[in-house]
Amino acid sequence: MIRSGRTLTHDQQHSCDLVIVGTGAGGGMLMAEAARAGLRVMALEEGHHLQARDFNQREREMIELLFQEAGARATEDGSVTVLGGRGLGGSTLHNTNLCKRAPAVVLEHWAEALGLDGWRPAALGPDFAAVEEQLHVSTIEPERVNANNQVLLRGMQALGWRGGLLQHNRRGCAASGFCELGCTFDAKENVVKVLVPEALAHGAEVWCECRVERVLLEQGRAVGVVARALGEDDRGPTLTVRARAVALAGSAIGSAALALRSGLPDPHDLVGKNLHLHPGAAVAGRFDVPIEGWMGIPQSVECTEWIDYLPGSPRRIWIVPAFAHPIGFAAMLPGFGAAHMRQLRHYRQVAVLVAMLHDESAGRVTVDRSGRAKIRYRLGDADARALGDGIAACARLLLAGGAREVWSPYGAKQPIRTDREAQALARAVRPLAPPLTAAHPMGTLPMAVDPRRGVSDGEGRWHGVPGLYVADGSLFPTSLGGPPQISIYTVGRRVARTVAGDLSR
Amino acid sequence: MVNPISRRRFLRRSLVGAALLAVAGTVGRHLSGYTIDERLRLRVLSPKQYLVLAAACRRLLAADEPGAVSVDEVETALSIDRYLAELPRELQRELAGLLELLEHTPFLFQLRPSRFSRLDAAAQDRVLEDWESSRLPFRRGCFQALKSLAMVGYYGDPRAYAVLDYTGPMIQR
């Protein structure tokens with residue numbers, strides 16, 4: 001059953017085996033798998049229960065509906081916009097369906113450095129495969145690659161760079177191009193479409209429009225949560241859920257903020273630190289022919305020439321197309337005023353690539369007096385250099401793909417028309433850092449076998465607090481360097497097994 | 001010790017006080033120059049913040065190109081006020097503070113006895129360029145936040161699509 005906090009007229013108490021805070025890829029998978037294992041599960045979600053008919057393709061309305069803080073969440077200095085999903089299904093409602101396993105190099109590093117042997121590629125393989133089968137993951141057919149993605153393919157071919165087609169979880173896709181505003185055609189094989197029905201069929205209960213205020217601890221053990229129903233104001237009735245197990249799955253921002261608000265045990269001062277954002281800088285190129293990048297599947301091709309995932313490596317940039325609808329596009333283009341609008345007149349002829357940084361810089365999540373998450377994050381010098389290389393690589397790809405000119409994301413020489421000018425962008429990043437956007441926060445409740453180095457163990461158990469688990473991207477000790485959804489779904493699956501096993505003892 | 005007052009006297013004093021405050025508020029707004037059409041019914045911004053935002057949007061968007069709907073016709077600043085109402089209160093306060101900072105930037109950072117909303121267009125552009133290219137991440141962040149708000153307010157309106165040749169939503173709802 002799916003219920004709404006708005007229907008609550010007075011404080012209520014419930015009990016179950018497992019209460020899950022957040023219903024994105026991690027929480028959604030945990031909910032379905034734990035319910036299937038026979039546990040009585042309740043999941044609490046701050047956002048609305050949205051369905052295909054709610055997604056009207058109006059950018060402004062959908063931004064307000066689908067994103068945390070109506071899409072306005074940013075780091076404290078405003079340098080990085082941090083997008084996070086809101087609603088039953090979390091970010092799986094608005095993501096572009098990219099499915100890529102955590103790179104083997106990254107997983108091996110976690111095993112070697114932190115003792116996470118259960119995360120070696122061979123150990124994770126069956127879980128990845130099961131998730132991919134469940135979500136109907138498949139490679140995008142070449143004939144469905146849109147013009148913006150074709151530019152990237154042409155650029156890679158001309159430069160002899162590595163890359164290829166991506167895998168997605170979509171079926172019945174109309175290639176409308178509105179993926180990041182929710183799918184009107186219900187083609188996303190996501191939490192709402194695949195996992196919620198499974199969970200409900202096994203007796204799970206979902207409460208939407210309830211914000212969890214704190215985790216309840218008794219004698220050092222997690223015993224439930226207190227949530228508040230969201231209505232016209234912040235003084236709605238409370239929903240107290242007592243449970244044998246509590247799982248945090250509200251994203252690397254939300255879960256860390258909840259842990260801090262609740263004062264969860266943190267003897268080694270790790271909670272909220274180690275924030276990785278996987279931020280991206282967009283670069284646009286103008287063509288002589290129409291691109292109409294807002295149409296078709298937004299991201300079907302990747303360039304992996306500039307990333308090797310090795311710790312400390314200078315090659316840490318993953319490149320994908322990143323076209324956007326008018327608000328996102330206009331905000332991303334450099335400059336303002338009449339010159340900005342003259343660029344926008346070429347909207348139909350523009351292709352956009354984004355350089356996404358496998359960041360080693362670590363930020364921090366804190367909470368203000370109201371309990372709202374605050375994000376501190378600043379790129380280190382090595383990351384800034386890597387990002388400069390990535391921006392230059394995007395510019396070179398666009399020119400090699402046929403662009404007449406390229407617009408840099410910061411106030412360097414504009415426009416760029418030659419490969420030599422494009423290469424020079426790498427050295428021009430500092431001090432005028434480009435505005436960045438991030439949609440993949442990770443690492444704020446990292447796992448490690450040693451409690452001095454990680455908040456949780458390798459199975460998502462919070463060190464030293466029986467009954468408390470983490471089941472989202474907070475667990476990842478480093479950035480993944482790519483889209484995290486498949487890895488986060490896999491976290492949910494593994495934590496479900498752990499919780500079911502622990503509660504059966 | 002506080003002298004007790006009668007209910008009638010209390011009401012009379014309260015009503016007189018409220019009337020005086022209302023008059024003072026109206027006079028104050030007129031003297032400050034921050035007056036707006038009261039029918040706008042702002043939800044988050046003060047009249048002053050609204051006027052600063054409207055002035056900034058005119059420069060950020062400069063929608064005077066042929067075929068472009070004007071910033072005022074789209075009611076960009078009012079649209080942004082509606083958007084701000086969807087944000088957490090702390091964020092509303094931060095963004096309102098940003099507008100106050102912008103308004104007083106000529107005095108605070110350039111020691112000019114003026115305010116952003118009263119500068120001519122070229123001077124307003126220079127202030128915005130200073131923010132955009134500042135060496136301080138905070139000021140660049142402020143510029144980006146302001147620019148993003150302007151884009152939400154203007155390009156969130158389908159009337160602005162014409163200048164982009166954007167086909168818009170596939171579905172009619």
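Biologist: How many salt bridges does the rule find across the interface of domain 1 of chain A and domain 2 of chain A?

Modeller: In this predicted model, the rule finds 1 salt bridge across the interface of domain 1 of chain A and domain 2 of chain A.

Biologist: Why is the pair Glu302(A) and Lys100(A) called a salt bridge?

Modeller: The closest N and O atoms of Glu302(A) and Lys100(A) are 2.4 Å apart, and the rule asks for a Lys or Arg side-chain nitrogen within 4 Å of a carboxyl oxygen of Asp or Glu, so the pair qualifies.

Biologist: Which elements give two or more residues to the side of domain 1 of chain A that touches domain 2 of chain A?

Modeller: Those elements are α2 (59-66), β5 (98-99) and α3 (104-114) of chain A, and by class that side of domain 1 of chain A has 9 nonpolar, 6 polar and 4 charged residues.

Biologist: What is the area buried between domain 1 of chain A and domain 2 of chain A, and which three residues of domain 1 supply more of its share than any other three?

Modeller: The buried area is about 1500 Å², with carbon and sulfur atoms giving 62% of it; Glu59(A), Leu98(A) and Lys100(A) supply 32% of what domain 1 of chain A buries against domain 2 of chain A, more than any other three residues.

Biologist: How many residue pairs are in polar contact between domain 1 of chain A and domain 2 of chain A?

Modeller: The count between domain 1 of chain A and domain 2 of chain A is 7 residue pairs, with both residues at pLDDT 80 or more.

Definitions and conventions:
Residues are numbered from 1 along each chain as its sequence is written. Chains are lettered from A and ligands numbered from 1 in the order in which they are written. This is a predicted model: local features need pLDDT of at least 70, side-chain atom pairs count only at pLDDT 80 or more; totals for chains, interfaces and linings use all residues. Side-chain values use heavy atoms; hydrogens and water are left out. Buried area is the accessible area (1.4 Å probe) that two parts lose on being put together, summed over both. A polar contact is a pair of N or O atoms within 3.5 Å; within protein, one must be able to donate a hydrogen and the other to accept it, and residues adjacent in sequence count only if both atoms are side-chain atoms. Helices (H or I, at least four residues) and strands (E, at least two) are DSSP runs, numbered from the N terminus. Ala, Val, Leu, Ile, Met, Phe, Trp, Tyr, Cys and Pro count as nonpolar, Asp, Glu, Lys and Arg as charged, and the others, Gly among them, as polar.
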